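Please have the sequence and the model open while I speak.

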Amino acid sequence: MNLQQRDELHLWHPYTQHQTAAKPLGIVKGKDALLWGEDGKEYIDAIASWWVNPYGHSNERLAQAAYKQLTQLEHVLFGGFTHKPAVELAEKLISILPKNQQKVFFSDNGSTAVEIAIKMALQYFFNKGEKRFTVIAFEGAFHGDTFGAMAASGISFFTEAFQEHLLKVVRIPLPQKGSKASAEALRKAIAEHQPAAFIFEALVQGASGMQIYSPEDLDELLSIAQTNGVITIADEVMTGFGRTGRTFACDYLNHKPDIMCLSKALTGGTIPLAVTTATQRIFDGFYSNDVNKALFHGHTFTANPTGCAIALEAIRILESDEMQQNLKRIAKRHQAFVARISQYTSVANARTLGVILAFDLKTTQNTDYYGSFRDRLYNFFISKGVILRPVGNIIYILPPYIITDEQLDRVYEVLEEAIQLFSNQ
Ligand SMILES: *Cc1c(COP(=O)(O)O)cnc(C)c1O
């Protein structure tokens, strides 16, 4: 039996309706922007394996960092103990994050990073004896699949079954150019609900199809929230570490968030690790001679030394001239491709920021998130040796930064073929 057949016996995959979904591809090898299937076929990973992998698959430097740490100190509990990889990674992160970030709290994935951010905000007010229980979030947001993160998320079918059990969230629209509706909705929500926090995906809503909005608009929302004592939480799980062309999307802003969530590219797409960072003011809200005011949250693998050591090396790679040139190179080529496909009448809203590129394909077909049109697009791309995951009729690419010009050209070529083939269907 091949991997596909053995998989079917015991595996349960994420976001997968097993009765109707195509069988998963067995992947046996990865190098740089390429993956190889068990059938020997080569694929370009144009979505960086769900947005985690910026520096390429099977990266030697990250593997060396892992090996060195695994043979020095693979893991030690972080309650009552500390270690060099965690200290050095925290120092490094604080040196590259917006200046107001001071404290680093470790966990294992994007959802828990968000979960912790929300708990920090809620308990901050609890500790002060202030009655602030509500969270404000954007329509169409995605913050993860654990309960707090799910509550903040706004893609309805992801969370429908759990509506009765979620914390109280008030939703505001994503800012649109020239409209003040989002700012007005935020003011109204603050006046009516005395919220604890405002959580947002910074500049790009990933899971709802790479919806991009402007730094000016986000700055205005941050200003309103902060003026009213609302804790601002930037979910940079997807946008962090160069995706938007700057190290963090918040680097485009004048107002800096109180709390930030990072994961995905943190370890260069190798192993799970996440951080929630906070300002001194947030940390001080827990600092007390009363043990009950501590943040009672932790995970067994909190600040895993191996993950920290890899993350540190990953940030060094990001900071290298080579990687910074890659970011500029891809951004420039994306801009040219956006201009090119904008001329197709069947392409709407072609957009790009940093290495992220997306467009809507006009169609009369069912545009459900996981609908049949999406499946046909997905299968077309796979048949062409390019891994992409369209969202309904939205097609996006988010390649690893080390993708070569030739590989990127091939992805563009396949996208243009899809535009012509699936137009107005
Ligand atoms: C992926 C993602 C998450 C969830 O991260 P997981 O590691 O999958 O739990 C949260 N927020 C954003 C913006 C994401 O893109």
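Let me begin with a question: does Lys-92 count as buried, partly exposed or exposed, and at what relative accessibility? Lys-92 counts as partly exposed, because its relative accessibility is 23%, where buried means under 20% relative accessible area, exposed means over 50% and partly exposed is in between, with a 1.4 Å probe and protein chains only.

Before I go on, please keep in mind that this is a predicted model, in which local features need pLDDT of at least 70 and side-chain atom pairs count only at pLDDT 80 or more, while totals for chains, interfaces and linings use all residues. Residues are numbered from 1 along each chain as its sequence is written, and side-chain values use heavy atoms, with hydrogens and water left out.

Staying with Lys-92, we find this residue in helix H4, residues 84–96; helices (H or I, at least four residues) and strands (E, at least two) are DSSP runs, numbered from the N terminus. Leaving aside neighbours within four places in sequence, Lys-92 is in contact, meaning heavy atoms within 4.5 Å, with Leu-312, Ile-315 and Glu-319. The C-alpha atoms of Lys-92 and Arg-316 are separated by 9.4 Å, although the two residues are 224 residues apart along the chain.

With Glu-319, Lys-92 forms a salt bridge, the closest N and O atoms being 2.9 Å apart; the term stands for a side-chain nitrogen of Lys or Arg within 4 Å of a carboxyl oxygen of Asp or Glu. This pair links distant parts of the chain, since Glu-319 is in helix H11 and Lys-92 in helix H4, 227 residues apart. Glu-319 is also partly exposed, with a relative accessible area of 37%.

The structure holds 17 salt bridges, and I will pick out a few others. Arg-281 and Asp-258 meet through their side chains at 3.3 Å, N to O. Arg-281 lies in helix H10 and Asp-258 in the loop between strand E10 (231–235) and strand E11 (259–262), so this pair ties together parts that are 23 residues apart in sequence. Finally, Arg-329, Arg-333, Asp-405 and Asp-409 are linked in a network of salt bridges.

Now to the aromatic residues. The structure holds 22 aromatic pairs, counted when the ring centres of Phe, Tyr and Trp (its six-membered ring) lie within 6.5 Å, with planes under 30 degrees apart called stacked, over 60 edge-to-face and the rest tilted. Trp-51 and Tyr-396 make an edge-to-face pair, because their ring centres are 6.0 Å apart and their planes stand at 75°. That pair joins distant parts of the chain, with Trp-51 in helix H2 (residues 48–51) and Tyr-396 in strand E16 (residues 394–397), 345 residues apart; both residues are buried. Phe-337 and Tyr-412, by contrast, are stacked, at 4.2 Å centre to centre and 15° between the planes. Here Phe-337 belongs to helix H12 (residues 321–341) and Tyr-412 to helix H14 (residues 405–422), 75 residues apart. Phe-337 is buried at 4% relative accessibility, and Tyr-412 is buried at 8%.

Let me close with two residues in the loop regions. Asn-304 is found in the loop between helix H10 (280–284) and helix H11 (305–319) and counts as buried at 14% relative accessibility. Its side chain makes a polar contact of 3.0 Å with the side chain of His-75; such a contact is a pair of N or O atoms within 3.5 Å, where within protein one must be able to donate a hydrogen and the other to accept it, and residues adjacent in sequence count only if both atoms are side-chain atoms. His-297, also placed in the loop between H10 and H11, is buried at 19%, and the side chain of His-297 makes polar contacts with the side chains of Lys-119, at 2.9 Å, and His-299, at 2.8 Å.
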